[in-house]
Structure formats: C-alpha cells, structure tokens
Amino acid sequence: MMKLTKYVDPLPRLDTLEPIGELDGVPYYEVHMRQVKQKLHRDLPPTTVWGFEGKFPGPVFDVDRYEPIKVKWINDLPDKHLLPVDTTIHGAGPNEPRVRTVIHLHGGVVEPESDGYPEAWYTNGYKEVGPFFEREIYDYPNIQRGATLWYHSHAMGITRLNVYAGLAGPYIIRSPREAFLNLPIGCYEMPLLIQDRSFNDDGSLYYPSEPDPPIPGVDPSVVSDFFGENILVNGKVWPYLEVEPRKYRFRIINGSNSRFYRMRLSSNQPFYQIGTDDGFLNSPVMTEEILLAPAERADVILDFSGQMGEEIVLTNDAPSSFPNGEPVDQDTTGQIMQFRVTVPLKCPDRSRIPYRLTKIIPLRESEADTIRYLTLVRNEDQYGRAFLLLDDERWMEPISIAPKLGDIEVWNLINVANSTHPIHLHLVSLLILDRQPFDVDHFKETGEIVMTGPAVLPDLNERGWKDTVRANPGEITRFITRFVPFSGLYVWHCHILEHEDHEMMRPYEVLINDTME
C-alpha cells in the first residue's frame, strides 16, 4: 500500500445543505446517496466512495433549536457493494440485498419512525425494504440542546461497510444562547470529521475481507476491528489548515469505525473544551489532551494568538485497540492534521471564551426508578470468531430493557472484556456518574461484584450531556438518564462498528406509562 505524504492538501470546508422547499410548513430536504469518485490525496488517483449529495463526507446540516425539518434520504447507490459483505452475520444473510441503507441521526431526539432503526433499511428505489421500514420522510424536531450531532448509515449487518464507504456527515443544532456567548463564528468555526482509511495502490478503498488468520469456510468474514493506515479529516488525508493568529471553534467528531483518538497539540497549547456530545459544558475546560472514542464529539476553541508563523500538528497517541493495543506509528497514525498560522489577522478578534456556558441540572440517583447491571462480554460464535455481547444477549433475543416513558434509570456497565467499548443509546442523553475497578476473575467465577479501588468521577470534560460513554475494561461505568420524550422501539449498542455489526447491539423499548394515558 502507498505511503502518502502529509500536509500537502488543504482541509476542505464542508458544504452546508439547503432545503429544497417546505413540506407541511417546515423546511424540506432531499438528500441523495450516490457512488462517486473523489480525490482524497494529491498523490492518489480519484477514489470511488459513497457520499451524500455527491460528497464524502456528507454536507453539513446547520439548523436552529426548536425549528423542525423534514428529510427524505434517497438511496441512489448501485446494487453491488464497494466492500466485502459477510453473509454469515445476522441481518446480512445471503437472501438480503447487499446494498441497503437507513440513516440514523446520532444524538438526535426523534420519534422511533425517524430514528434509523437498523431493520428499517431500504434499497435503491425502495424496491426492497426491511421489516421495520415505515416512512420515506424523516422528521427532525430539533427540540434538544444545541449540539454537534452527526448522521450516518445504520443498516443491520453492514453499518461498518456503509460508513467506511463514506456515508456520514455533520449535523449542527444551534441554540439561541450561542448568540450571546460571543464564540468564534463564520469562517472561524467548522466541523472536523476525523476518520481513518487504507488504500490499495490504485487508490481504491482497502477493507479486509477476512481476519488474520482467516476463518475456515467463511469468506468474506467480518473482522473484530479495523484500523486504517491513513488519517482523514473532512475527507482529505492528513490535511493542513491555514489560520489567522486568533481564536477558532472546531466541532470535532470521531467518525472512525474502531479507532480512538487521544489528541494533543504539538505546540503544547491547551484545548478549551466548551461542549461534549450533546451540548455545552457548564464552563469551559482547559485541557492538554482530548480522548474521543468512535462517535464521541468535542466542541473546542483553539487560540492561535501570538503564534504567527508556527506550524502546529494535531497529534494522536491512542493505542489500537484501546487502551491496551498496539501503539500508534508516530510518523503516520500518530498525526491527524496541521494548522499553519500564516494568514494575517483580517480584523480584531472580538470573540471570547466565556466563563459560564450553561447550567447543567443533574438527575438525582435518589429519584431513579430502576438500577440496571449490564455486562459487556467477549464470546465466540459458531465459527470460532471472537465477538462481543451486551449482557450476554444477541439481537434476536426478546427485549429485556423496557423503561416507561419518563423513567429515570441508572445503568452499571460491567466490562469483563479486554478493551474499551463506546456504548451509545439512541433517543436519550445521559450523565456519567463514575467509574470503579472491580475483580474481573472473581466476577466471572461467581457473578459477585468485588470492588478493587475507589470510584472515580468522570473527567472534567466528560461532565456534560453525552450519548456515547466509554466503558473501560475491568471497570464498572455508571451513568444516569431519563427516557423522554418519545415512546417506542430504539437501540443501544457499542459504537465500534465491527462490534455493532456482529451482535453487540440490542433493541430496547420505551413504554407508555399507564398514568400518562
């Protein structure tokens, strides 16, 4: 595979989507998924990818809080998949179409029919539809806090392939409060969608067709995780961004299949993190590093004042798999992008980093209706492949989590596997309570929890509303959430996409409380 030169392509600024009109009195969008060719690096021939509106990554939705929109996601993809489809895993069997899509707004507070349920997939022209397909036009009410969300394909059994092929993009909800905070805006604000990819010599995407060593009798086969050799930001391999010596706001999204990023700046300057997955923190957190698992987001301000002429690299030192896997190659995956402070200041920088951003009102454990203890376990399937399960249950087993609408619950994620899992719940936002180490061997033998150390509060930059939480090996991770405002069928899963596709996903159902009828 080719070794590509870093920092020869400018960072793309993603286009912003515009509605094509109105439907039922609200802005209406039509978004087409197509196979296109796109140049991802100066030295690569154009790469065949899948994109939204002809672009990889997809363009940005930029919408206001409390202003609903409608979106029709249109599958114009070919019948043959770009990547190897394993027909032995659930939902992708030999009788299912190879190319299926359904779009999930990650972090979106939406009714179940607009959530992108994994079995609500459809093919090009809706010639075939999944068993839960209900509607062609999705409603996004945007009734939640202002935040950096993202949209991506979520079809059962092939999410890892569809996202890797290119089906992902940013979705920004703006709160009216932002106008009073005087944050960097306009050309001084942008999303950074970080992904990793490998390429064949002809520029085509490389994704393995089987693990190493191969699985006898299964070809192609799902792999337990995959880490690309090149880091892309907004669809370019190791790009650079020319900036002025002033403050910038970056909405960072980890859109990789399996790779974690533990980011620093080569200048040793801090990040000022102002938000996490689902909105602002109480106050900015000054930190020298930011750790993002797949699907997590960080809203940050970088201040390049006084650094005219410098070249600053955004670095990564997260092992793969995380936290006990192989170290990064400092010359390749240890670098993400470069900032060049080379543009003269166009006007005085009057933006600021506010002392106070919002007020987060916590949920009280004493008000919890239910406390759940849920295991994250590593097993083997019928072919001897390692695969991970949530509470030792596969997708097709009966629903075991059914909170009532309005219920507050505390979840204890008991990770007896050997790596960190980013656990994502659809519909709800959550607050991390703490993490605590426990005796894994004793738990495996007896089912009894014996703590081996004190509970540790989440990092300061995790103390905001989240929808994806890192559950570390050998720890119990606790979070609290309220199941509102919609009832119906949703899912929770690991957001390492190779795990999600291979049974580490479960449905849950929010029931209507009898007292509310």
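Predicted model: local features only at pLDDT ≥ 70, side-chain atom pairs only at ≥ 80, totals over all residues.
**Strand pairing, a buried valine and the cysteines**

A147 stands opposite I173 of strand β9. Strand β8, covering residues 147-153, runs antiparallel to strand β9, covering residues 168-174, and six bridges join the two. Strands of a sheet pair through backbone hydrogen bonds, in either a parallel or an antiparallel manner.

The β8 and β9 strands sit within an open sheet of four strands, ordered β4-β9-β8-β6, in which the pairing is mixed. At the edges lie β4 (61-64) and β6 (103-106), each of which pairs on one side only. On average, neighbouring strands of this sheet are turned by 20° against each other, direction ignored.

Attention now moves to V285, a residue of strand β18, which spans residues 279-287. V285 counts as buried because its relative accessibility is 11%, under the 20% cut-off. Beyond its neighbours within four places in sequence, V285 is in contact with F271, Y272 and Q273, and also with L460 and N461. Y355 lies 70 residues from V285 in sequence, yet the C-alpha atoms of the two are 9.8 Å apart in space.

Finally, the cysteines deserve a look. A search of the whole structure finds zero disulfides. C187 is accordingly in no disulfide, and the nearest cysteine sulfur, belonging to C347, is 8.1 Å away. With a relative accessible area of 41%, C187 is partly exposed. C494, by contrast, counts as buried, at 0% relative accessibility.

Conventions. Residues numbered from 1 in each chain as written. Heavy atoms only, no water. Buried < 20%, exposed > 50% of the residue type's maximum accessible area, 1.4 Å probe, protein only. Contact = heavy atoms within 4.5 Å. Pairing = 2+ DSSP bridges. Axes fitted to C-alpha atoms, helices over the stretch in contact; angles between N-to-C directions. Disulfide = S-S within 2.5 Å.
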